[in-house]
Amino acid sequence: MAPFAVRISDEGLAEIDGEPLVTDPGQSVHEAVLDRLQQYAEQRAVAVEATVTDGPGAAHFVLEVSPDGSSRLLDRPSTPAPAPAPAPPPPPAPAPASAVATAIARARAAATAPPAPAPRPLPSQLAGRIAHINALATAGRLAEASAEATALREGLTRSAGTEHPDALEARAMEAYLAHLRGDHREATVLALSVARILCGTGDPQAPAAVMRAAAAWQRLEEDRAVEIHGNELLHMWGRLHGDGRLGPADERLAQRVRDRLEALPAHV
């Protein structure tokens with residue numbers, strides 16, 4: 001798979017592959033980025049790479065994050081898209097002054113420290129199946145990877161239940177593979193189903209799941225699908241707002257969804 005594209009703004013906002021990232025209370029944006037990349041690595045049972053752009057005109061670097069949470073900087077340079085002329089560099093400071101320096105410092109510390117245990121270790125058989133699915137996707141065999149992910153999710157649902165974390169991760173993997181295939185309607189439906197379950201159980205990852213669903217929804221083109229699924233997004237955001245669980249990034253994204261729905265033709 002291609003490296004994830006991470007962008008961090010001067011305002012301390014981050015996105016991964018265009019998807020806004022929500023930080024937990026007391027969590028820095030860099031910790032949130034690394035935690036999310038670890039989640040992706042856990043889902044695939046293999047280390048993932050990310051090309052990081054930290055602020056306008058800042059340096060670019062490639063970060064590798066493993067399923068166990070360990071991370072390291074890769075020597076090869078990244079190839080970011082052309083950007084406006086870089087801003088003047090900040091004055092030197094005794095401590096790391098830029099967000100890039102902060103991220104690099106943490107990555108180097110993690111790379112030299114003993115690997116931290118995964119929050120929820122996967123059984124070897126399950127990890128093997130996820131690794132196989134990832135290998136199929138990496139080889140471009142997306143239809144086979146999707147079929148394997150669906151079979152995995154169905155089996156986990158039968159044995160452990162729809163709301164089991166492993167079953168939800170398999171469903172999230174299905175959504176991601178649908179996105180890679182260009183089937184954005186299926187990706188949206190699957191991502192929404194994960195978000196719906198997490199919202200219903202009060203899971204702390206619910207806001208992030210709704211954001212992932214919104215990222216898939218933004219690629220929809222058929223007006224009726226945009227309306228139906230957009231309203232469901234707003235309904236879930238409304239529930240989370242009532243619980244006091246939405247951050248500024250969630251609110252901004254929700255407003256963009258409202259704006260798009262209001263711009264739909266009246267006959268939808």
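The following legends describe close-up views of a predicted model.

Residues are numbered from 1 along each chain as its sequence is written. Because the model is predicted, local features need pLDDT of at least 70 and side-chain atom pairs count only at pLDDT 80 or more, while totals for chains, interfaces and linings use all residues.

**View 1. The protein chain as a whole.** The secondary structure comes to nine helices and six strands; helices (H or I, at least four residues) and strands (E, at least two) are DSSP runs, numbered from the N terminus. Of the 268 residues in the chain, 41% are buried, where buried means under 20% relative accessible area, exposed over 50%, and partly exposed in between (1.4 Å probe, protein chains only). Among contacts (heavy atoms within 4.5 Å) between residues at least 6 apart in sequence, 58% join residues at least 24 apart.

**View 2. Helix 6 and its neighbours.** Helix 6 covers residues 184–201, 18 residues in total. From its first C-alpha to its last it reaches 26 Å, close to the 26 Å expected at 1.5 Å a residue; the expected span is 1.5 Å times one less than the number of residues. The buried residues of helix 6 include Ala187, Leu190, Val194 and Leu198. An α-helix has 3.6 residues a turn, so residues three or four places apart point the same way. The buried residues of helix 6 pack against helix 5 (165–181), helix 7 (206–217) and helix 8 (223–242). Gly202 follows helix 6 and has a positive phi, near 70°.

**View 3. The largest pocket.** The largest pocket has a volume of about 1,200 Å³. On a 1 Å grid over the protein atoms alone, a pocket is an open set of points where a 1.4 Å probe fits, with protein on both sides within 12 Å along at least five of seven lines; lining residues have an atom within 4 Å of a point. The lining of the largest pocket holds 45 residues, of which Gln39, Tyr40, Gln43, Ala172 and Arg212 lie nearest the centre. Helix 1 (29–44), helix 5, helix 6 and helix 7 are the elements that give two or more residues to this lining. Helix 5 gives the most, with eight residues.

**View 4. Asp17 in its loop.** Asp17 lies in the loop between strand 2 (14–16) and strand 3 (19–21). Although Asp17 is not a glycine, its phi is positive, about 55°. Asp17 counts as partly exposed because its relative accessibility is 40%.

Methods:
Heavy atoms only, no water. Points joined across faces, edges and corners; volume = space filled by probe spheres on them.
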